[in-house]
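Me: I would like a close look at one part of this model, with the spaces and contacts around it. Please keep the answer plain.

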Amino acid sequence: MLPGPVALEKIVASIVAQKGNLERLIPQYRAAVDARSASDRASSGRLSDLSWVLAAYLDALIRLRLFVEQNFTFIETLGLLAVTRYLFEVLVWLRLLQKDKRYGLVYYRELLSTQRSFYVSLKDHLTREAVLLEELSAHEAKTLQELISKAQRIVESQSRSDAMFDSTTLAMAETDRRAARSFTIYGDQARTNGYGFQAHLVRTKALPSVVKALEDLDNAETSSEDIREAAAAVKGKWNWKQQAEAAGIGDEYNFIYGYTSKLLHATPASLTTDQKNLEADEMRVFLRYIHVRLLDIIEMAEKQLAASTRIP
């Protein structure tokens, strides 16, 4: 399963063994989130910072359970580095939540911001895709007319209907090839529905729902005084280096980001280096880090759960 000594397999087994603790905590956190949310809505009509602290822990535990389930059957370099970096970022969040519960509302703010960025990008893409589909529809019609005219001139042995059938097939195939070279969400559906009709569906169905989602997100952010107050906990835009230092693990940031960036990103250094995979000793370092920090997160989650149940 792993290169190097059997000791690596023991570390992996210790990591996988924590799945039970994660599964034990997840339903407890679900119950705590539901109880706190119901209490908040009954008292103030909106979720408190503590509700978002608990929600952040629940999200983290669920994600880490998935990572443990999916990433430790076979260990490979990029997957191991990605899990290490993700786990580190989870730890940053949880340490900040532990340090100042206002970060619960910062978590909510970042959630809204990330969702908004996604929908802005999706809106821009769908607008471009609708234009592309309309261009493909016009191109298909033009190509079809050109092929029919050519077929009528040069095909003497075929009937006109056969020539038109062949021309239609060629025009559609050529347009499909052009569409396949473009990044589209609805390209496959367009090949069935027709490019013009699919463009109409994008403009009248897909785009309006994205615009509505953006409006809802904007309303949620601008109407929340709590989010604006919580922003005092974060100066400016979220920056992982700054937040890692605020969480007291700036040195870990420097090591993990420096090491992982060397292989995760397509920089000249990563493209030209002879080292494409981690050595056994390097794997051991990252596996031990994952194991230790996973234990830390489980302990923090247990303490946070105990503390939250004592708060009325």
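At what angle do helix α2 and α13 pack, and how far apart are their axes? Please take α13 as the part to look at, and follow it to its surroundings.

Reply: The model is predicted. Helix α2, residues 19–43, packs against α13 at an angle of about 30°, and the two axes are 11 Å apart. Their crossing is left-handed. On the α2 side, the residues that meet α13 are Asn 21, Leu 22, Arg 24, Leu 25, Gln 28, Tyr 29, Ala 32 and Arg 36. On the α13 side, the partners are Leu 294, Ile 298, Ala 301, Glu 302, Gln 304, Leu 305 and Ser 308. Sorted by class, this contact of α2 with α13 holds eight nonpolar, four polar and three charged residues.

Leu 294, one of the α13 residues in that contact, is also among those that line the largest cavity. A search of the whole structure gives one cavity of 30 Å³ or more, and the largest cavity holds about 40 Å³ of space. Its lining consists of Leu 64, Phe 67, Val 68, Phe 72, Val 83, Leu 87, Ile 290 and Leu 294. At least two lining residues come from each of α3 (49–70), α4 (77–99) and α13 (280–310). The biggest share belongs to α3, which gives three residues. By class, the cavity lining has eight nonpolar residues, with no polar and no charged ones.

Arg 293 is also in helix α13. Is Arg 293 buried or exposed? Arg 293 counts as buried because its relative accessibility is 12%, and the cut-off for buried is under 20%. Setting aside residues up to four places away in sequence, Arg 293 touches Leu 87, Leu 91, Arg 95, Ile 249 and Glu 252.

Ile 249 leads on to another residue. Val 92, placed in helix α4, is in contact with Ile 249, and also with Trp 240, Gln 243, Ala 244 and Ala 247, once neighbours within four places in sequence are left aside. Val 92 has a relative accessibility of 0%, so Val 92 counts as buried. From C-alpha to C-alpha, Val 92 and Gly 248 are 8.6 Å apart in space, while 156 residues separate them in sequence.

Helices α3 and α4 also take part in an open space. The largest pocket has a volume of about 550 Å³. It is lined by 17 residues, and those closest to the pocket centre are Asp 59, Tyr 86, Trp 93, Tyr 107 and Leu 111. Two or more lining residues come from each of α3, α4 and α5 (103–154). Here too α3 gives the most to the lining, with seven residues. By class, the pocket lining has 12 nonpolar, one polar and four charged residues.

Of its 312 residues, 40% count as buried. Among contacts between residues at least 6 apart in sequence, 79% join residues at least 24 apart.

Terms used
Residues numbered from 1 in each chain as written. Predicted model: local features only at pLDDT ≥ 70, side-chain atom pairs only at ≥ 80, totals over all residues. Heavy atoms only, no water. 1 Å grid on protein atoms, 1.4 Å probe; cavity = no way out; pocket = protein on both sides within 12 Å on 5 of 7 lines; lining within 4 Å. Points joined across faces, edges and corners; volume = space filled by probe spheres on them. Helix = DSSP H or I, 4+ residues; strand = E, 2+ residues; numbered from the N terminus. Nonpolar A, V, L, I, M, F, W, Y, C, P; charged D, E, K, R; others polar. Axes fitted to C-alpha atoms, helices over the stretch in contact; angles between N-to-C directions. Left-handed = near helix turned anticlockwise from the far one by under 90°. Contact = heavy atoms within 4.5 Å. Buried < 20%, exposed > 50% of the residue type's maximum accessible area, 1.4 Å probe, protein only.
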